[in-house]
Amino acid sequence: IKAAKLKQEMSLLQVELESFKAENDMLRAGQSDSLGAVQQNVDVALQNLCRVIANAHLSIKQLVSGTEMLHFVADLLKSIDKISEVKKEDDG
């Protein structure tokens with residue numbers, strides 16, 4: 001009677017083990033899908049970050065160029081002011 005009971009329990013445990021194995025395989029497959037989705041999100045984020053960096057770099061170049069132009073205009077205005085002062089002295 002004990003041997004029969006143990007065989008029955010062993011059969012139940014084997015069925016349960018198979019069930020756990022199947023569940024484990026499904027979880028692993030789901031985890032693999034999740035990792036794929038995470039990798040895809042990382043790739044998209046990286047592409048967006050690279051685009052933002054490129055745009056920022058372009059904006060900085062434009063800002064520097066604009067600053068150089070403003071310095072040039074300021075120097076030009078100083079020169080015009082000096083020329084005006086020299087003319088006033090010559091006229092006066």
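Helices are taken as DSSP runs of at least four residues and are numbered from the N terminus. In the predicted model examined here, the protein contains one helix and zero strands. This helix, α1, covers residues 2-91.

The overall dimensions were considered next. Along its principal axes, the C-alpha trace spans about 135 × 15 × 5 Å. The radius of gyration of the protein is 39 Å, whereas a compact globule of 92 residues would have a value near 12 Å. Buried residues account for 0% of the 92 residues. The accessible surface of the protein amounts to about 8,700 Å², and carbon and sulfur atoms contribute 63% of this area.

Charged side chains comprise 11 positive and 14 negative groups, with the centres of the two sets 11 Å apart. One salt bridge was counted. It joins the side chains of Lys21 and Glu18, with an N to O distance of 3.9 Å. Because Lys21 and Glu18 are three residues apart in helix α1, about one helical turn separates them. Lys21 is classed as partly exposed because its relative accessibility is 43%; Glu18, at 47%, is likewise partly exposed.

A nonpolar patch was also identified on the surface. Met69, Phe72, Val73, Leu76, Leu77 and Ile80 form this patch, and together they have about 580 Å² of accessible area. Ile80, one of the patch residues, is located in helix α1. With a relative accessibility of 46%, Ile80 therefore counts as partly exposed.

Conventions. Residues numbered from 1 in each chain as written. Predicted model: local features only at pLDDT ≥ 70, side-chain atom pairs only at ≥ 80, totals over all residues. Heavy atoms only, no water. Patch = residues over 30% accessible without salt bridge, like charges linked within 9 Å, V, L, I, M, F, W, Y side chains within 5 Å. Areas by Shrake-Rupley, 256 points an atom, 1.4 Å probe, with all protein chains shown as cover. Salt bridge = Lys/Arg side-chain N within 4 Å of Asp/Glu carboxyl O. Helix = DSSP H or I, 4+ residues; strand = E, 2+ residues; numbered from the N terminus. Buried < 20%, exposed > 50% of the residue type's maximum accessible area, 1.4 Å probe, protein only. Rg over C-alpha atoms; globule rule 2.2 N^0.38 Å. Lys, Arg positive; Asp, Glu negative; His and termini not counted. Charge placed at Lys NZ, Arg CZ, Asp CG, Glu CD.
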